[in-house]
Amino acid sequence: MRGPQQARPAFIGVGLACHLGTSVSACVDGLFRPPQPPRHFDLEIGGRTERIPYKPMDGASSGFSSDRLFTVLEDVISAAVDEAGLRPQELQKAWLFVGSSSFDISVTEQQYRHDLASGDPPLPLRDAGFALVAEWVRNRFDLRGEDFSFNTACTASANALWYASRAIEAGWTQHALVVGVELMNNITAQGFHGLGLFSRSVMKPFDQGRDGLVLGEACGAIVLGPDRRPGAFHLKGGANRCDSHSMSAANPDGSSIAAVIGEALDAADLAPGDVTAIKAHGTASLLNDEAEAAGMLAIFDRLPAVCALKPFIGHTLGACGVVELILLCKAIERGQVPGTPGIAADSNVLGVSLTQGTRPVRPGNFLLNYFGFGGSNTCLVVSNRDRV
Amino acid sequence: MKILATGSYCEAVHEDVPPLKSLVESATGSCVRRIGRFIQLALIGAGRCLKPGTAPAGTGVYLASGRGDLEVTLTVLRDIFERHEAPMPLSFINTVSNSACYYLARTLQINGPSAFATSRYAPFESALRLASLDLENGVPTALVGAVDVCVPPVCEHRQRICVGADATVGEASHWLLLAPRDDPAPALGYVPLVRSFPDRAGLWDWLNTQRRWAADTVLAVGQHLEPASLPQLQAASGIDAVFDYRSRLPCFDSQSAAATGSFLGQPGKARMVHVDGDPSGRFSVMLIERG
């Protein structure tokens with residue numbers, strides 16, 4: 001079943017759109033300016049109007065995005081494929097891995113609203129399915145390899161990337177296209193509101209003043225494949241474990257998060273001291289930041305630089321795996337770890353302080369944390385130091 | 001991969017769906033509260049495959065489904081757009097399909113990898129693929145399954161899953177407990193191969209390699225292939241014997257998940273080649289051998 005072992009694949013093409021911009025360079029530029037406060041939109045919830053904080057994709061005019069989904073996918077994936085420079089035959093054989101928590105539910109919502117308004121008998125979720133986004137991508141880009149759609153909440157595209165990299169290492173395919181996408185929709189906005197997880201100000205992970213999250217829209221795409229350039233970023237290791245402590249929060253003692261970090265470092269054949277910097281999940285919710293901080297402190301005797309990207313782009317849920325990885329890698333290629341001035345400036349609260357200004361960084365090994373509803377914990381280790 | 005156990009639930013739905021609470025309790029030995037049918041179905045099938053506390057803690061859960069938790073997603077949509085009410089928090093969380101993985105892990109006392117991953121025309125095969133990657137990388141055992149729920153009225157469900165007005169629809173939960181091939185536990189069977197082919201030529205080349213075992217092999221055809229393709233597959237593989245596991249099944253999205261348990265559950269030839277396809281001309285293959 002296993003093909004000949006291949007070299008670890010590199011990230012040979014990326015595309016990105018989020019609150020910071022609609023190109024990779026524009027998004028990375030935004031990391032070197034202080035995070036901006038979120039916008040708000042009005043949402044009817046149970047007969048009341050609520051102000052929902054969010055970070056829409058750059059250029060988006062309103063809260064909901066059903067008509068933009070496929071345009072955004074087209075633009076972002078095209079950018080990744082173009083940069084990768086794949087020949088048509090190579091692209092055709094590439095495997096597809098899509099991660100999202102909502103997939104095309106915005107399209108379903110629009111159809112449902114239309115049916116209700118027109119008086120037609122509504123049939124919500126008609127021919128719906130998680131894999132319809134993947135079907136669209138396959139048809140649009142003429143992909144004939146296998147396809148996988150991951151619905152593991154906020155770890156979805158991180159898991160997609162983890163399995164894609166290993167599918168190439170196993171010799172099953174030479175190239176993989178990994179996509180994470182999350183656009184605003186009613187279910188997500190109302191669901192998070194009902195859970196009381198929205199911030200009344202800005203996201204402040206690990207900070208004494210943290211009071212919740214801000215949703216963000218984003219789409220990211222990465223092409224994985226062989227690349228002999230020295231210093232090319234690649235996935236060096238990872239782990240995915242189920243935390244059965246609670247449906248909506250990791251174990252606050254940090255044990256389950258420490259376990260998945262430890263397993264990811266083992267998979268990367270690294271000791272904690274080999275980690276140059278950490279990209280925290282950092283949802284700015286009370287319990288999850290507590291658990292993440294405890295987990296990191298259980299593994300690291302002395303924490304390396306820790307940064308958080310959600311203050312810049314919001315919580316992009318299932319897309320954050322790919323999106324935050326692209327942002328981090330591109331910032332590091334510019335020689336800097338991004339900073340969030342004024343957020344978790346000291347470590348007195350949870351034992352974790354975030355980088356405040358941009359911090360110079362050399363090639364190294366970088367840990368990325370992702371934790372989601374349903375006990376889904378995933379950690380990835382990327383490196384631009386070596387590749388075997 | 002080695003198959004250690006199988007477990008399943010599959011029932012046709014004619015009008016109303018039957019209650020599942022007692023079946024969950026008998027399959028898992030525990031009363032799991034505040035869960036919908038999708039998670040109940042997952043627990044019944046998986047609990048019939050693996051008794052709680054009997055697998056290594058690092059066992060992984062790999063769940064596929066054509067449409068996930070239709071019931072809870074419909075409830076949330078109707079709350080928002082028809083009743084103009086805020087969705088219940090737990091209902092919202094359960095719209096994320098890996099909620100079922102959480103209940104499986106908690107109930108069966110395992111904490112390895114957990115993934116809800118699927119594809120439109122080969123959901124179960126996709127989950128098998130991911131499990132095989134993890135089994136080759138140190139995960140001791142893998143619980144792999146596919147779950148599809150039916151939400152009445154049945155006439156609407158038929159439209160939703162795109163089957164004819166006279167089709168019998170149903171609910172299903174089919175599971176395999178897998179280990180690496182060199183695991184010392186006794187084997188019910190093996191999965192020597194699960195893979196796809198981008199086109200007919202690749203499939204035909206592979207089927208031709210199966211001729212040497214044809215006399216001891218049955219051919220099973222998945223739900224997305226036209227009946228007319230069967231004689232062509234027989235001719236390409238030299239396999240005459242057909243294993244029909246689908247004629248007894250109601251319509252649901254992940255029928256191929258039923259093939260392995262059905263094949264191993266009755267006496268017969270030593271191997272099964274299961275072939276399915278999709279409208280774009282790709283094919284998926286599962287090769288199953290008896291232990």
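**Entry 1, a cross-chain pair.** I began with Ser149(A) and looked up its bridge partner in β3(B), which turns out to be Thr118(B). I then checked the strands around that pair: β5 of chain A, residues 147-150, is joined to β3(B) by two bridges, and the strands run antiparallel. A reminder to myself before going on: this is a predicted model.

**Entry 2, the interface.** How many residues of chain B are in contact with chain A? I found 53, and they meet 52 residues of chain A. Next I asked which elements of chain B give two or more residues to that side. The helices are α3 (70-81), α4 (89-94), α5 (99-108), α6 (123-135) and α7 (154-160). The largest share comes from α3(B), with seven residues. By residue type, I noted 26 nonpolar, 18 polar and nine charged residues on the side of chain B that touches chain A.

I turned to the fold of chain A and listed eleven helices and 15 strands. Its radius of gyration is 20 Å, close to the 21 Å from the globule rule for 388 residues, so I can call chain A as compact as a globular protein of that length. Along the principal axes, I have its C-alpha trace spanning about 60 × 55 × 40 Å.

I looked up burial next: 62% of the 388 residues count as buried. Last, I took the contacts in chain A between residues at least 6 apart in sequence, and 80% of them join residues at least 24 apart.

Definitions and conventions: Residues are numbered from 1 along each chain as its sequence is written. Chains are lettered from A and ligands numbered from 1 in the order in which they are written. This is a predicted model: local features need pLDDT of at least 70, side-chain atom pairs count only at pLDDT 80 or more; totals for chains, interfaces and linings use all residues. Two residues are in contact if their C-beta atoms, placed from the backbone, lie within 7 Å. Helices (H or I, at least four residues) and strands (E, at least two) are DSSP runs, numbered from the N terminus. Ala, Val, Leu, Ile, Met, Phe, Trp, Tyr, Cys and Pro count as nonpolar, Asp, Glu, Lys and Arg as charged, and the others, Gly among them, as polar. Two strands pair if DSSP finds at least two bridges between them. The radius of gyration is taken over C-alpha atoms; the globule rule is 2.2 Å times the number of residues to the power 0.38. A residue is buried if 20 or more other C-beta atoms lie within 10 Å of its own, exposed if 12 or fewer, and partly exposed in between; C-beta atoms are placed from the backbone.
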